[in-house]
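Please read it alongside the sequence and the model.

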Amino acid sequence: MKRPTLEVVAARAGVSKSSVSRVVNGESTVAPEIRDVVMRAVRELGYVPNAAARNLVTRRTEAVAVVVSDPPQGVVSDDPLFATVVRAVSRELEAAGKQAVLMLAESDRSRARVEQYVAGGHVDGVMLIALHGTDPLPAALARTGLPTVSFNRTNAPEVPYVGLDNASGAALAVRHLLERGRRRIAVITGPLELYESRERLDGYRAALRDTGRRSIVALGDFTRVSGAEAMRQLLDDDPALDAVFASNDLMAIGALRTLREAGRRVPEDVAVVGFDDIEAAAYTTPALTSVRSPMADQARATVRLLLGLIEGGPKEPVIMPNELVVREST
């Protein structure tokens, strides 16, 4: 059978071809009774809109580029929360009738490929994930004029974002340790080129500053290995420390292993708090106290911000709240 055309649907519905076109393109100016009769004809005939023709009219591709800008070692894409974020983004876009185009930007060459693809008009907008503070990609994509948003803050102020209240979350963790009677509280930071790492360090320092206590800082890179190494450094430098706040759960899990190998009891000798509340946090020994980050909600909010921009909506950033989940490690 020949595929039914727009003209055939119009004849069946008893309306003009332009009325059918407005209905199938989702325009809001069509009277409800016209919409009903057209949709009835569409169902009866099995009409499927021609996506290519519709896109020429609407200048929309119904696709969104989801760009993951990650160093070659995959620090972010190896994080267990990465799958949570991508899954939430894909489902939110699917519910909105949009196709997600996942792209990785790990080098100058791949970043150039992403810029070329986006500038070529293949997508209606861009969502950026896992950006480093010196990454040139946000500003480059913003210059294309295409709606662009970021999952977390970037170095390009013109790119709106949905982020976490990192500083207050870190301060919440430190205040919890102080309330537990801890006096020598260290921090294991994430990579300091990331805004969230610096904000969590700021929150840690602010909470200690209020009590007159000094900061004890070790650098990590958000991996288990770096958490274990940083914990060894902290114990060597300050054997009397009695608590540590790790800027993410993977580093906290690495710290727990080092403490166990060093014969330090958790929480009796050293209390440990992480950040993110990944699934594994509830299954460590002891179970890990952590600042819960609503990653799936943040991902969905980022998609909604982008969809709003595509429709001409506001560019205001959105900050998500967090909470402390107390478990056995404190």
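E261 and R257 form a salt bridge, with their closest N and O atoms 3.1 Å apart; a salt bridge here is a side-chain nitrogen of Lys or Arg within 4 Å of a carboxyl oxygen of Asp or Glu. The model is predicted, so local features need pLDDT of at least 70 and side-chain atom pairs count only at pLDDT 80 or more, while totals for chains, interfaces and linings use all residues. Residues are numbered from 1 along each chain as its sequence is written, and side-chain values use heavy atoms, with hydrogens and water left out.

**Salt bridges**

- E261 and R257 are four residues apart in helix α11 (residues 249-261), which means that about one helical turn separates them.
- Helices (H or I, at least four residues) and strands (E, at least two) are DSSP runs, numbered from the N terminus.
- Both E261 and R257 are exposed; the classes are buried (under 20% relative accessible area), exposed (over 50%) and partly exposed (in between), with a 1.4 Å probe and protein chains only.
- The structure holds 15 salt bridges.
- One of them pairs the side chains of R12 and E44 at 2.9 Å, N to O.
- R12 lies in helix α1 (residues 6-13) and E44 in helix α3, so this pair ties together parts that are 32 residues apart in sequence.
- R12 is partly exposed, at a relative accessible area of 47%.
- The side chains of R200 and D276 also meet in a salt bridge, at 3.9 Å from N to O.
- R200 belongs to helix α9 (residues 195-209) and D276 to strand β9 (residues 271-276), so the link spans distant parts of the chain, 76 residues apart.
- R200 counts as buried at 4% relative accessibility, and D276 counts as buried at 6%.

**Surroundings of S293**

- S293 sits in the loop between β10 (289-292) and α12 (295-310), and counts as buried at 7% relative accessibility.
- Leaving aside neighbours within four places in sequence, S293 is in contact with L164, F275 and D276, where contact means heavy atoms within 4.5 Å.

**Helix packing**

- Helix α2 (residues 17-24) packs against helix α3 (residues 32-45) at an angle of about 85°, and their axes are 10 Å apart.
- That angle makes α2 roughly perpendicular to α3.
- The contact involves S19, V20, V23 and V24 of α2, together with I34, R35, V38, M39 and V42 of α3.
- Axes are lines fitted to C-alpha atoms, for helices over the stretch in contact, and angles run from 0 to 180 degrees between N-to-C directions.
- Angles under 35 degrees count as roughly parallel, over 145 as roughly antiparallel, 65 to 115 as roughly perpendicular and the rest as oblique.

**Backbone geometry**

- The peptide bond from V266 to P267 is cis, with omega near 10°, and P267 lies in the loop between α11 and β9.
- The peptide bond from T285 to P286 is cis, with omega near -5°, and P286 lies in the loop between β9 and β10.
- N152 is not a glycine, yet has a positive phi of about 90°.
- N152 is found in the loop between β4 (148-151) and β5 (161-164), and is buried at 13% relative accessible area.
- D277, also not a glycine, has a positive phi of about 55° and lies in the loop between β9 and β10.
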